[in-house]
Amino acid sequence: MLTRERIDAHSLLSLRSYQRQRREQRARAIAHRRERCLTLGPDLRLQFEDETSVRHQIQEVLHIEGIADAHEVQHTIDAYAHLLGDADAWTATLFIEMPDASRRERELP
């Protein structure tokens with residue numbers, strides 16, 4: 001049986017280290033995510049999550065919000081931990097991509 005990957009505060013990059021590596025990290029994350037996508041139609045896409053994609057999301061949130069406090073870092077990790085699947089269940093994020101605001105208002109009440 002596969003075990004669930006664990007992301008903890010000690011395995012994340014510091015804000016400063018992430019800032020220095022962000023461009024490269026982002027490029028790798030985008031390429032990784034593309035390999036894990038399933039297009040369902042012109043406006044719908046499933047992004048299957050894994051440790052790499054969730055780790056990147058956590059790093060981005062910490063970076064954007066400037067979170068360095070250990071308690072807040074753990075809170076952020078806990079908020080995203082449910083996206084890590086296991087041997088019995090995969091997780092995916094559904095993206096509805098409609099850049100036109102008027103169309104969104106019409107079709108997504």
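This is a predicted model: local features need pLDDT of at least 70, side-chain atom pairs count only at pLDDT 80 or more; totals for chains, interfaces and linings use all residues.
Asp50 contacts His32, Arg36 and Leu84, neighbours within four places in sequence being left aside.

Asp50 is in contact with His32, Arg36 and Leu84, leaving aside neighbours within four places in sequence.

**Overall architecture**

- The protein chain holds four helices and three strands, and from the N terminus on its elements follow the order α-β-β-α-α-β-α.
- Taken along the principal axes, the box filled by the C-alpha atoms is roughly 45 × 35 × 25 Å.
- Of the 109 residues in the protein chain, 28% are buried.
- The accessible surface comes to about 7900 Å², and carbon and sulfur atoms account for 53% of this area.
- Among contacts with a separation of 6 or more, 64% are between residues 24 or more positions apart.

**Strand pairing**

- Strand E1 covers residues 37-39, and strand E2 covers residues 44-48.
- E1 and E2 run antiparallel and are joined by three bridges; the two strands form a hairpin with four residues between them.
- Strand E3 (residues 92-96) also pairs with E2, in an antiparallel arrangement joined by five bridges.
- Gln47 in E2 stands opposite Cys37, and Gln47 also stands opposite Thr93 in E3.

**The loop between E1 and E2**

- Asp43 is found in the loop between E1 and E2, where it counts as buried because its relative accessibility is 15%.
- The side chain of Asp43 makes a polar contact of 2.3 Å with the side chain of Arg103.
- Apart from neighbours within four places in sequence, Asp43 touches Phe95, Ile96, Glu97, Met98 and Arg103.
- A network of salt bridges links Asp43, Arg103 and Glu107.

**Other salt bridges**

- The count of salt bridges comes to six.
- Arg22 and Glu60 meet through their side chains in a salt bridge of 2.8 Å, N to O. This pair links distant parts of the chain, with Arg22 in helix H1 (residues 15-35) and Glu60 in helix H2, 38 residues apart.
- Arg22 is partly exposed at a relative accessible area of 24%, whereas Glu60 is buried at 8% relative accessibility.
- Glu97 and Arg45 form a salt bridge in which the closest N and O atoms are 2.6 Å apart. This pair also links distant parts of the chain: Glu97 lies in the loop between E3 and helix H4 (101-107), Arg45 lies in strand E2, and 52 residues separate them.
- Glu97 counts as partly exposed because its relative accessibility is 34%.

- Val54 lies in helix H2, which spans residues 51-65.
- The relative accessible area of Val54 is 1%, so the residue counts as buried.
- Not counting residues up to four places away in sequence, Val54 touches Ile7, Glu49, Tyr80, Leu83 and Leu84.
- Ile7 is 47 residues from Val54 in sequence, while their C-alpha atoms are 8.7 Å apart in space.

**Nonpolar surface patch**

- Leu38, Leu40, Leu44, Leu94, Ile96 and Leu108 form a nonpolar patch on the surface.
- Together these residues have about 510 Å² of accessible area.
- Leu38, one of the patch residues, is in strand E1 and counts as partly exposed because its relative accessibility is 42%.

Conventions. Residues are numbered from 1 along each chain as its sequence is written. Side-chain values use heavy atoms; hydrogens and water are left out. Patches are made of residues with over 30% relative accessible area and no salt bridge: like charges are joined within 9 Å, nonpolar side chains (Val, Leu, Ile, Met, Phe, Trp, Tyr) within 5 Å. Accessible areas come from the Shrake-Rupley method with a 1.4 Å probe; for residues, only the protein chains shown count as cover. A salt bridge is a side-chain nitrogen of Lys or Arg within 4 Å of a carboxyl oxygen of Asp or Glu. Buried means under 20% relative accessible area, exposed over 50%, partly exposed in between (1.4 Å probe, protein chains only). Contact means heavy atoms within 4.5 Å. Two strands pair if DSSP finds at least two bridges between them. A polar contact is a pair of N or O atoms within 3.5 Å; within protein, one must be able to donate a hydrogen and the other to accept it, and residues adjacent in sequence count only if both atoms are side-chain atoms.
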